[in-house]
Amino acid sequence: MSNPITPFLMFSGQAEEAMNHYLSIFDDSNIQQIFHHEDGKVMYAIFTLKGQTFRCIDNTNGDHHAFTPALSLFVAFESDEEIETIFQRLSDHGQVLMPLASSPVSEKFGWVEDKYGVSWQLNLEKKQ
């Protein structure tokens, strides 16, 4: 059995809030484990979105390390309704980097940075 490569997200104090926000958006999602520091910040957590495992922490050393669109989470969708809904929910209080539109390879494609700074590419493939 090989070990999968798992995205690891470091938040600046909003890890648990972000996990719960993502769980409210994506089906087939849950928090598997969460450990807290004495101050309530996330020491270490494992959660799943649409069957994909993620790990995260809250940065507690005082340094701020921002997320960047140079690395984003790519999500494939099967329906127009689903991509529209999730695009709206992820972009709420965030920033639209590319509005939902057709492209040569996608029926719809959009790119957003959510309110936590995490970048998401959302894709509805063209039907063959």
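## Salt bridges

A salt bridge here is a side-chain nitrogen of Lys or Arg within 4 Å of a carboxyl oxygen of Asp or Glu. The model is predicted. By this rule the count comes to three salt bridges. Side chains of opposite charge can pair when their charged atoms come close.

Glu 82 is partly exposed, with a relative accessible area of 27%. Lys 50 is partly exposed too, at 34% relative accessibility.

## The network at Lys 108

Asp 80, Glu 84 and Lys 108 are linked in a network of salt bridges. Lys 108 bonds to Asp 80 in a salt bridge whose closest N and O atoms are 2.7 Å apart. That pair links distant parts of the chain: Lys 108 lies in strand E7 (residues 106-113) and Asp 80 in helix H2, 28 residues apart.

Lys 108 also forms a salt bridge with Glu 84, with the closest N and O atoms 2.1 Å apart. Lys 108 is in strand E7 and Glu 84 in helix H2, so this pair ties together parts that are 24 residues apart in sequence.

Is Lys 108 buried or exposed? Lys 108 has a relative accessible area of 17%, and buried means under 20%, so Lys 108 counts as buried.

## Gln 121 in strand E8

Gln 121 belongs to strand E8 (residues 119-125). At 19% relative accessibility, Gln 121 counts as buried, because the cut-off for buried is under 20%.

Which side chain makes a polar contact with the side chain of Gln 121? The partner is Ser 72, at 2.7 Å. Leaving out residues up to four places away in sequence, Gln 121 touches Ser 72, Leu 73, Phe 74, Val 75, Phe 109, Gly 110 and Trp 111.

## The largest pocket

Rolling a probe the size of a water molecule over the atoms shows where empty space is left. The largest pocket holds about 200 Å³ of space. Its lining consists of Pro 7, Phe 8, Leu 9, Phe 67, Thr 68, Leu 71, Ser 72, Leu 73, Val 118 and Ser 119. By class, that lining has seven nonpolar residues, three polar and no charged ones.

Ser 72, the polar partner of Gln 121, is part of this lining. Leu 73, another residue that Gln 121 touches, is also in the lining of the largest pocket.

## The second largest pocket

About 170 Å³ of space lies in the second largest pocket. Pro 7, Phe 26, Leu 49, Lys 50, Gln 52, Phe 54, Ser 72, Leu 73, Phe 74, Val 75 and Trp 120 line it. The classes are eight nonpolar, two polar and one charged.

Which strands each supply at least two residues of the lining? They are strand E4 (52-58) and strand E5 (73-77). The largest share, three residues, comes from E5.

Key. Residues are numbered from 1 along each chain as its sequence is written. This is a predicted model: local features need pLDDT of at least 70, side-chain atom pairs count only at pLDDT 80 or more; totals for chains, interfaces and linings use all residues. Side-chain values use heavy atoms; hydrogens and water are left out. Helices (H or I, at least four residues) and strands (E, at least two) are DSSP runs, numbered from the N terminus. Buried means under 20% relative accessible area, exposed over 50%, partly exposed in between (1.4 Å probe, protein chains only). A polar contact is a pair of N or O atoms within 3.5 Å; within protein, one must be able to donate a hydrogen and the other to accept it, and residues adjacent in sequence count only if both atoms are side-chain atoms. Contact means heavy atoms within 4.5 Å. On a 1 Å grid over the protein atoms alone, a cavity is a set of points where a 1.4 Å probe fits but cannot get out, and a pocket is an open set with protein on both sides within 12 Å along at least five of seven lines; lining residues have an atom within 4 Å of a point. Grid points are joined across faces, edges and corners, and a volume is the space filled by probe spheres set on the points. Ala, Val, Leu, Ile, Met, Phe, Trp, Tyr, Cys and Pro count as nonpolar, Asp, Glu, Lys and Arg as charged, and the others, Gly among them, as polar.
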